[in-house]
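Here is a brief report on how one protein model is put together.

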Amino acid sequence: MERDEEAVHRMPVETGPSVVTGAHKVPVMASGIPSADTSEAEVPPETVTRTASASADAGHDVAIGLAQPNRLQLIDEDQHFSGALFHDHLSQWGMLEAGFGYDICAVLGSQSTGKSTLLNRLFGTNFDVMDDRARQQTTKGIWLCRGMDRNVLVMDVEGTDGRERGEDQDFERKSALFSLATAECVIVNMWENQVGLFQGANMGLLKTVLDVNLTLFQVGRARAGAPKEKTLLLFVIRDYIGTTPLANLESTIRADLQRIWASLTKPEALAGAELGDFFDVSFSALPHKVLQAKEFDEGIAQLQRRFIDRSDPQYVFQTEYHKRIPIDGLPHYLESVWEQIMQNKDLDLPTQQELLAQFRCDEIAAAAAAAFAAAMTALRSALDAGQVLATLGVDMASHRAEALAVFDKDASRYHRGVYARKRADLLLQLNAVLLPFFLAQLKNLHTQLASAFQQAMQEGTRRASYNFGGLVEEHVTHALAAFDAETQRLVLPDTDWSVSEERVHLEEDLRAVARTLRADETQKLAVRLEKDIRRHLAEPIEAALSEPDAGMWDRVLGAWHEACDRGAALYRERAAHLNTTPDEDAATVGRLHMVAWRALLDRVQESTSETVLASRLRAFFEDRFRYDASGVPRVWKPSDDMDDAFVQARDATLALIPLYATMQPETPPTVAGDEDTPSWDEARRVLSERRCAELGRRFRRDADAAYVEAKRGTVSSMTQVPWWMYVVLIVLGWNEAMAVLHSPVYFTLLCMLLASAYVVWRMNLAGPMLTVTTHVAKELRALGEQQLRVYLDAPGTAHPAPRATEARPAVPESAEPRLPASF
Ligand SMILES: Nc1nc2c(ncn2[C@@H]2O[C@H](COP(=O)(O)OP(=O)(O)OP(=O)(O)O)[C@@H](O)[C@H]2O)c(=O)[nH]1
């Protein structure tokens with residue numbers, strides 16, 4: 001349906017007489033339509049709906065209007081919407097057939113700022129105007145009136161200054177929102193001196209209203225893809241003196257509006273929306289109504305043209321502002337808008353009492369919280385030092401109760417709802433302060449119990465006999481019981497604190513400590529077993545290697561298998577109380593196998609070192625060459641076949657070298673080896689080719705030496721003195737022996753000689769005497785040599801000069817050195 005534009009813009013501008021209705025003076029034109037250019041006239045007393053405002057000095061103030069039924073209190077003080085009456089009034093006003101051909105204008109502003117006066121003057125309505133003498137608020141609720149003789153619905157809205165009434169701002173927010181949502185043009189009426197004041201200029205109200213307007217009415221349209229609804233905000237600045245250019249006032253208001261818009265939390269669907277998408281802003285100024293009455297009238301006339309003259313560039317009722325509601329549906333529409341506003345919780349903002357309660361409760365809570373924090377700080381250092389405070393739970397509870405009691409004492413006198421809310425907030429705040437203490441205590445307790453557990457375990461495992469698994473269970477249970485006892489007092493009521501997670505962590509840590517200790521225990525056990533394995537492996541391997549034959553390596557590996565089995569059996573027996581897992585057991589047993597394998601290889605390596613093997617071969621050779629089959633040492637006789645024996649023994653010994661060189665058991669073991677240990681395939685080659693060759697060469701040398709020595713032994717046994725020589729000696733020396741025995745002198749000398757020899761022997765003087773004798777002999781020899789040289793150097797050495805002999809000191813003839821035969 002198209003709007004009936006013709007019908008909309010037929011507002012006459014001619015003036016006519018006005019009708020005075022007691023409190024209401026409505027300028028009336030010839031046709032009964034009020035005029036901007038009003039004049040006063042008395043009205044019959046029965047038409048007076050309000051008293052007082054028709055004062056003599058009111059002049060143009062006094063609206064001379066139609067009878068009371070022309071106006072309608074659309075929404076009363078109790079916020080009830082008069083839907084049915086509205087319909088009747090539209091009918092009375094003859095507007096029911098207007099379709100879209102109507103406009104709606106509303107006015108917002110602080111109370112007693114001349115809103116009703118302005119509307120009456122602009123539209124010829126008959127809204128109540130305040131009596132200058134009583135100066136009481138006039139407009140209550142929202143009033144609706146048809147403007148002049150044309151289809152303009154004008155809404156006079158209750159003043160928006162709740163502070164004056166000491167009431168909450170609930171209704172003014174709702175009514176302002178209602179105006180914004182339904183009117184095409186909302187006149188924001190303000191004194192010039194209110195411009196730039198946030199509260200005075202109703203900017204705070206606008207902020208709330210714009211905010212809710214967006215969420216309540218615009219989001220749905222945006223989501224439905226409908227075009228944005230625009231409204232004209234017409235700021236009318238009253239009592240405009242003219243000192244400040246209007247443009248400056250405009251920019252102040254626009255800046256305030258932009259600031260408000262920027263501070264709004266916009267719904268997601270309208271995140272990027274601008275103020276200009278929803279509102280056009282326009283301005284007008286009116287001089288002082290009384291002091292500049294003429295200019296005021298001119299201003300009113302000018303402003304009125306903006307509502308009437310479509311050709312005016314500032315024409316107000318632009319088609320884009322129309323809400324596109326056919327007029328017969330308007331009562332229902334406005335009612336549903338009002339219901340929607342009434343149901344909106346965002347508008348249920350705090351009352352003054354609530355605000356006061358909030359302010360005071362905040363103050364009281366802050367004081368209580370500060371005292372509480374100071375009291376708690378004293379406990380901080382001990383906790384930071386890692387202590388577990390025995391009375392922390394009790395202390396926290398008492399400090400918190402104290403703070404709440406302080407708060408309750410002063411704050412409970414204020415608004416109950418706010419008090420309860422703030423108390424809950426304070427409780428949360430106190431709990432937030434306590435939480436770090438609680439957590440620190442838990443941490444310290446955890447650390448303390450874990451270290452006590454470790455200590456108890458270490459002490460337990462130092463005992464002569466213990467059951468490791470039993471120890472772990474005993475001390476874990478003990479630690480958890482201690483944890484439960486401590487934390488029972490620590491968790492305060494009215495908190496969401498929980499210790500169950502920490503308890504789980506503690507148990508995990510204790511078990512981890514136990515695992516580490518068990519690993520140490522297992523390690524110690526494994527080391528003991530390793531030593532045992534090495535000890536038990538050494539002898540059998542040595543025995544096997546010292547008897548080289550075809551089964552030698554089987555015996556060596558048999559000893560290894562035996563050591564492995566013994567180690568595994570011992571491990572299982574001793575690790576039974578360690579609560580080891582099958583995997584751990586398998587790993588340890590595998591490790592023991594490797595240890596035994598390494599021990600075997602080490603032992604083999606030692607026993608096949610070049611020196612050891614060379615001596616082993618020599619011994620083997622000698623066993624066969626120097627001893628006969630029954631183990632008796634051989635004394636070689638010339639008749640013996642020494643060469644054959646030598647070759648046999650040598651070849652048998654040389655045959656051992658390849659036997660030692662490679663492990664050749666009947667059933668080779670399967671050893672995979674690891675980083676440090678060679679596998680079976682890598683280890684089975686004991687001697688390299690080069691070492692074998694070297695060993696062979698060395699052995700041959702030793703064997704040859706043994707052979708030569710044996711040969712010499714044979715020769716020396718062949719060259720010894722024959723026995724009959726001794727018989728000859730006895731026979732020939734018999735007379736001399738008898739002569740010595742029968743001569744007392746010789747016999748005495750013999751006895752003395754024998755006695756001296758006995759003494760020398762008894763007193764161990766043989767050595768020194770031999771030394772002395774040797775030295776004396778040497779001296780004598782040196783002396784003799786010297787004498788001989790002197791003798792030979794003298795002329796005629798062939799015949800030594802008698803003088804020379806004479807010149808020498810007297811030396812007994814017998815003392816002359818005798819040259820050795822070889823000299
Ligand atoms: N100074 C001055 N006074 C005015 C002007 N217009 C109206 N008044 C006076 O202001 C007083 C209040 O006028 P109303 O029109 O009742 O004001 P209102 O804003 O509708 O008042 P409420 O409906 O009670 O909020 C009256 O005494 C008027 O005479 C004006 O332009 N300047």
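H13 passes H14 in a right-handed crossing (left-handed if the near helix is turned anticlockwise from the far one by less than a right angle, right-handed if clockwise). The contact is made by residues of both helices: H13 supplies Phe438, Gln441, Leu442, Leu445, Leu449, Phe453, Ala456, Met457, Gly460 and Thr461. H14 supplies Phe468, Leu471, Val472, His475, Val476, Ala479, Ala482, Phe483, Glu486, Thr487 and Leu490. Contact here means heavy atoms within 4.5 Å. By class, the contact of H13 with H14 has 15 nonpolar, five polar and one charged residues. Ala, Val, Leu, Ile, Met, Phe, Trp, Tyr, Cys and Pro count as nonpolar, Asp, Glu, Lys and Arg as charged, and the others, Gly among them, as polar.

The model is predicted: local features need pLDDT of at least 70, side-chain atom pairs count only at pLDDT 80 or more, and totals for chains, interfaces and linings use all residues. Residues are numbered from 1 along each chain as its sequence is written, and side-chain values use heavy atoms, with hydrogens and water left out.

**Helix packing**

The axes of H13 and H14 are 10 Å apart, at an angle of about 155°. The two helices are therefore roughly antiparallel to each other. Axes are lines fitted to C-alpha atoms, for helices over the stretch in contact, and angles run from 0 to 180 degrees between N-to-C directions. Angles under 35 degrees count as roughly parallel, over 145 as roughly antiparallel, 65 to 115 as roughly perpendicular and the rest as oblique.

H14 (residues 468-490) also packs on H15 (residues 500-545): their axes come within 10 Å and cross at roughly 155°. That makes H14 roughly antiparallel to H15. H14 passes H15 in a right-handed crossing. By class, the contact of H14 with H15 has 10 nonpolar, no polar and eight charged residues. On the H14 side, the residues include Phe468, Val472, Glu473 and Asp484. Among their partners in H15 are Arg503, Leu506, Glu507 and Arg518.

**The whole chain**

The protein chain has 27 helices and nine strands. Helices (H or I, at least four residues) and strands (E, at least two) are DSSP runs, numbered from the N terminus. Buried residues make up 43% of the 823 residues. Buried means under 20% relative accessible area, exposed over 50%, partly exposed in between (1.4 Å probe, protein chains only). Of the contacts with a separation of 6 or more, 74% come from residues 24 or more positions apart.

**An enclosed helix**

How many residues of helix H3 (residues 115-123) are buried? Nine of the nine are, so H3 is largely enclosed by the rest of the structure. The buried residues include Lys115, Arg121 and Phe123. Their cover includes strands E4 (103-109), E5 (142-147), E6 (152-157), E7 (185-191) and E8 (231-238), and helix H9 (293-308). Just after H3, Gly124 takes a positive phi of about 70°.

**Ring pairs**

The structure holds 17 aromatic pairs. Rings of Phe, Tyr and Trp (its six-membered ring) pair if their centres lie within 6.5 Å; planes under 30 degrees apart count as stacked, over 60 as edge-to-face and the rest as tilted. The rings of Trp261 and Phe278 have centres 5.8 Å apart and planes at 40°, so the pair is tilted. Trp261 lies in helix H7 and Phe278 in helix H8, so the pair ties together parts that are 17 residues apart in sequence. Both Trp261 and Phe278 are buried. The rings of Phe438 and Trp497 have centres 4.5 Å apart and planes at 25°, so this pair is stacked. Phe438 sits in helix H13 (residues 416-462) and Trp497 in the loop between H14 and H15, 59 residues apart. Ring pairs also link Phe621, Phe625, Trp636, Phe646, Phe699 and Tyr707 into a cluster.

**Accessible area of selected residues**

| Residue | Relative accessible area | State |
|---|---|---|
| Leu270 | 3% | buried |
| Phe438 | 2% | buried |
| Trp497 | 9% | buried |
| Gln79 | 16% | buried |
| Asp494 | 57% | exposed |

Leu270 is in the loop between helix H7 (246-263) and helix H8 (275-278). Its C-alpha atom is 8.1 Å from that of Leu214, 56 residues apart along the chain.

Gln79 has a positive phi near 65° in a residue other than glycine. Gln79 is in the loop between strand E3 (71-75) and helix H2 (83-92). Asp494 also has a positive phi, near 60°. Asp494 is in the loop between H14 and H15.
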